[in-house]
Structures are given as structure tokens and as C-alpha cells.
Amino acid sequence: MKRRYLFSLLPVLFIIGCAQRNTAPEAFQKKPLMQVQVDLSPQAREALLRGNESIIVSASWYGWPLPGKENAADDVGQIDLGRPQILLPASAGVARFAPSSLKSERLDWIKEGVQVDVNVYSARHHWPDNILACDAIDGALSEVNRQTVMLNCSLISEQQPGRVGGRQYEPRKTILAE
């Protein structure tokens, strides 16, 4: 058999194995763990398209260590649960973070649930520096789990406030806060 054909069978065999154990594999859940819709100001969209630039949506899953797990924490004192990045085209769109992007084997190391920090920036293919000022997400994953969160972006040079859910915001506003 060709190697390519064998690799195409692996997901099917995995699903069959999970069905026999009566478990649902996280990686094959249909709905993403979190969705982030990036909305660009007209000036930002025009600049990104003109520069043939992409957009990066970067998530950081983390948690605070349980007693006895502090040695597994990073220099900030957090347990790293994954740092996926999704590349969007210059026209923006929706970044869908799969459940498999979360290091679920570390969930029993944390207290108070999974936290998420999401930032959006230009991919720096055309310009050496980020040119976008965007909303951010920082808070409990349970607040944004299984839904689409809108993050607005403008050019840093625009220095204009925008709107989030009917509320006024300044560029780089955090959607969730503790």
C-alpha cells in the first residue's frame, strides 16, 4: 500500500478505536474550543491587502498551579497549556482554535480553571513591525468557550477608538478582565 493511503486511514482507525471504548476524541469534536473573529477598520484592511500581509491570532492557554505543582510553572508562575497560532489572510476572518490545541494532560495540575490570553497582530511578512492595534482577550476560558468573540483592529497610526458589543473601547482593549 502507498504510504499516503495508510496515513489517510489513521483518523478513521482512531475514531473506531474511540467508539469501541465509548469515548469521544477531543481532536475530532466538530465545534472549536474557541473562535475569534477579526474585524479590520477600512484603513487597516486596505493597508494589509496592499502589502499582501497576513494576520496572526495567537492564543495562550494557561492556568495557576495547584499546591505541589509549582515546580512545573514557568517564570511567571503559570502552567503552560499550549500556545497555538492561526494565520489569517489580509482580509481577516475567523480563527478557530481546536480542542487539540489545549494540552489537556496538564489540566489536573491547575486550579481555578483554564485561562486564555489572545492577541492579534500583523504577520510581519511585508513590514518588519506590527502595524495593528487590536482588542485582546485575557481571562477565563469559560467566558469565551464554544463561542465566537469579535476582536476589532485598526492601524496603530489611526489612534481611533472603535466599538465592541455596543461599548466604546480604546485600541488594544482587553475584552475579558479579572
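Predicted model: local features only at pLDDT ≥ 70, side-chain atom pairs only at ≥ 80, totals over all residues.
In general, the strands of a sheet are held in pairs by backbone hydrogen bonds, in either a parallel or an antiparallel arrangement.

Stepping back from that pair, β7 and β9 belong to an open sheet of four strands, ordered β5-β1-β9-β7, with mixed pairing. At its edges lie β5 (93–97) and β7 (132–134), each of which pairs on one side only. From one strand to the next, the twist averages 30°. Helix α2 (residues 42–50) packs on this sheet, where it touches β1 (34–40), β7 and β9. The direction of helix α2 makes about 75° with that of β9.

The chain as a whole sets this sheet in context. Two helices and eleven strands are present, and along the sequence they follow the pattern α-β-α-β-β-β-β-β-β-β-β-β-β. Among contacts between residues at least 6 apart in sequence, 70% join residues at least 24 apart.

Turning to burial and surface, 42% of the 178 residues in the chain are buried. The accessible surface of the chain amounts to about 10600 Å², and carbon and sulfur atoms account for 52% of that surface.

Definitions and conventions
Residues numbered from 1 in each chain as written. Heavy atoms only, no water. Buried < 20%, exposed > 50% of the residue type's maximum accessible area, 1.4 Å probe, protein only. Contact = heavy atoms within 4.5 Å. Areas by Shrake-Rupley, 256 points an atom, 1.4 Å probe, with all protein chains shown as cover. Pairing = 2+ DSSP bridges. Axes fitted to C-alpha atoms, helices over the stretch in contact; angles between N-to-C directions.
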